[in-house]
Amino acid sequence: MPRSAEIRRTETRLRELEAESLHEALPEGFNTSQESIKTKLPKHILPPPAVSTLLNIVNGAVWGVLARKGLMVLTTYDGTFLGGVIWANFAACVVMGMFVALDRVWSRLTEHAFANKGVIPIYVGVTTGFCGTCSSFSTFILECFNKAANTLPQQYNYPTAGYGVMEALAVAIAHVSVSASGFHLGKHLMEYLDGRVPVLSLKAFNTLNLLSCVIGIAAYIVVIVLICTQNYGSWRLWLFLVLFAPWGAILRYYLLKFLNSKVPNFPMGTFAANTIGCLLLAVFTLIARGRSLGDRSVQIVTNVVGCHVLMGLDDGFCGALTTVSTFVVELFGLSTLYSYVYGTVSVAVGFCIMVLLLGSYNWAVGLLPAVC
């Protein structure tokens, strides 16, 4: 008995250390019941400039939304086993796992300039900006709904309508499992490579930070100029994705920053961002794909540019507002019971929103493929 009790104490302490590491790895943090985290005092170091952090998020969001859309297009084809946003969620979680486990490269910065790596602007740009935008919780939930209600352009002949429930569960299990495995794959890769990565000096950091900010500003300006001067081509859809994505990422950053610590063992900020994103995505999808009440043979929006704007709000703003990569990190940072509660409630609430808004309109009026 004494030995088994000692083993249990050791396992508990290891879980606390793991949760502490994940808590500090997230730029926004979250409130957990682990005592080691609650009693740990932050270093008395000035916080990083807000402008630098936000510009790094903008830069990360620009490349994150392009990576997500590119992976979705690349992996969506006839005969695919798993395709679409699940690949983007997997890739984002791999990168997130790598940066969560990456410690040595930031060691000099955390000793002299920052309280922990979670507040370093470049780190925030990669984790919150790129990973958070490359992954999309709302798109994953919309996929659950489309499979459950059989509303995809390529419809299937289910034996009965009840098989849609099994399809929704299959999508949810696949997304969560693949994303979680991607996170651990990234961590394992970086645990092997961490000692081989050079330490980042303060001078090198300042150079990289400036470069990241400049690239983010330049890319966003180019997108605005192209939207204003070019009014043709299907590639305009990608411009609207980049136009709206940074604002979704920035809103998510502040929601997580101010709400994640409010409720113990339930990251309210991430839950709020994912829930709001699902609500907005349902509304935008309804407008883009819903049958017109006046003429049910056409969509509500028949203008291609208007459709591009709606798709930009769908995959750009809502996709960047919601996140799977942070969601997965929080699942592993919470204790087992709270992790299951948080994960189940998040998915269930998002799915219910889709059913109430998109489902009710589909069954009463109907949905069509978007014109773009």
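First, what you are looking at. This is a predicted model, in which local features need pLDDT of at least 70, side-chain atom pairs count only at pLDDT 80 or more, and totals for chains, interfaces and linings use all residues. Residues are numbered from 1 along each chain as its sequence is written, and side-chain values use heavy atoms, with hydrogens and water left out.

Now the fold. The chain has 14 helices and 0 strands. Helices here are DSSP runs of H or I with at least four residues, strands are E runs of at least two, and numbering starts at the N terminus. Read from that end, the elements go α-α-α-α-α-α-α-α-α-α-α-α-α-α.

How much of the chain is buried? Of its 372 residues, 50% are. Buried means under 20% relative accessible area, exposed means over 50%, and partly exposed is in between, with a 1.4 Å probe and protein chains only.

The accessible surface is about 17,600 Å², and carbon and sulfur atoms hold 69% of that. Those areas come from the Shrake-Rupley method with a 1.4 Å probe; for residues, only the protein chains shown count as cover.

On to contacts, meaning heavy atoms within 4.5 Å. Take the contacts with a separation of 6 or more: 78% of them are between residues 24 or more positions apart.

Next, salt bridges. The rule asks for a side-chain nitrogen of Lys or Arg within 4 Å of a carboxyl oxygen of Asp or Glu. How many salt bridges does that rule give? The count is 3.

Start with Lys-69 and Asp-315, whose side chains meet at 3.5 Å, N to O. Lys-69 is in helix H3 and Asp-315 is in helix H12, so this pair ties together parts 246 residues apart in sequence. Both Lys-69 and Asp-315 are buried.

Then Asp-103 and Lys-117, at 2.8 Å, N to O. Asp-103 sits in the loop between H4 and helix H5 (107-112), and Lys-117 in the loop between H5 and helix H6 (121-134), so the pair ties together parts 14 residues apart in sequence. Is each partner buried or exposed? Asp-103 is partly exposed at 42% relative accessible area. Lys-117 is buried, at 9% relative accessibility.

Last, Lys-147 and Glu-167, at 3.6 Å, N to O. This pair links helix H7, which holds Lys-147, to helix H8, which holds Glu-167, 20 residues apart. Lys-147 is buried, with a relative accessible area of 18%. Glu-167 is partly exposed, at 24%. Stay on Lys-147 for a moment. Leaving out residues up to four places away in sequence, Lys-147 touches Leu-152, Tyr-156, Tyr-158, Gly-164, Glu-167 and Val-171.

Now the empty spaces. Rolling a probe the size of a water molecule over the atoms shows where empty space is left. The search uses a 1 Å grid over the protein atoms alone: in a cavity a 1.4 Å probe fits but cannot get out, while a pocket is an open set of points with protein on both sides within 12 Å along at least five of seven lines. Lining residues have an atom within 4 Å of a point. Grid points are joined across faces, edges and corners, and a volume is the space filled by probe spheres set on the points.

The largest pocket has a volume of about 1,500 Å³. It has 40 lining residues, and the closest to its centre are Thr-76, Glu-143, Asn-146, Leu-152 and Pro-153. Several helices each supply at least two lining residues, among them H3 (50-74), H7 (137-149) and H12 (304-321). By class, the lining has 21 nonpolar, 11 polar and 8 charged residues. Nonpolar covers Ala, Val, Leu, Ile, Met, Phe, Trp, Tyr, Cys and Pro; charged covers Asp, Glu, Lys and Arg; the others, Gly among them, are polar.

Look also at Gly-83, in the loop between H3 and H4. Gly-83 touches Thr-75 and Glu-143, again leaving out residues up to four places away in sequence.

Finally, the cavities. There is 1 cavity of 30 Å³ or more. The largest cavity holds about 40 Å³ of space. Which residues line the largest cavity? They are Phe-140, His-175, Val-176, Ser-179, Val-324, Phe-327, Val-328 and Leu-331.
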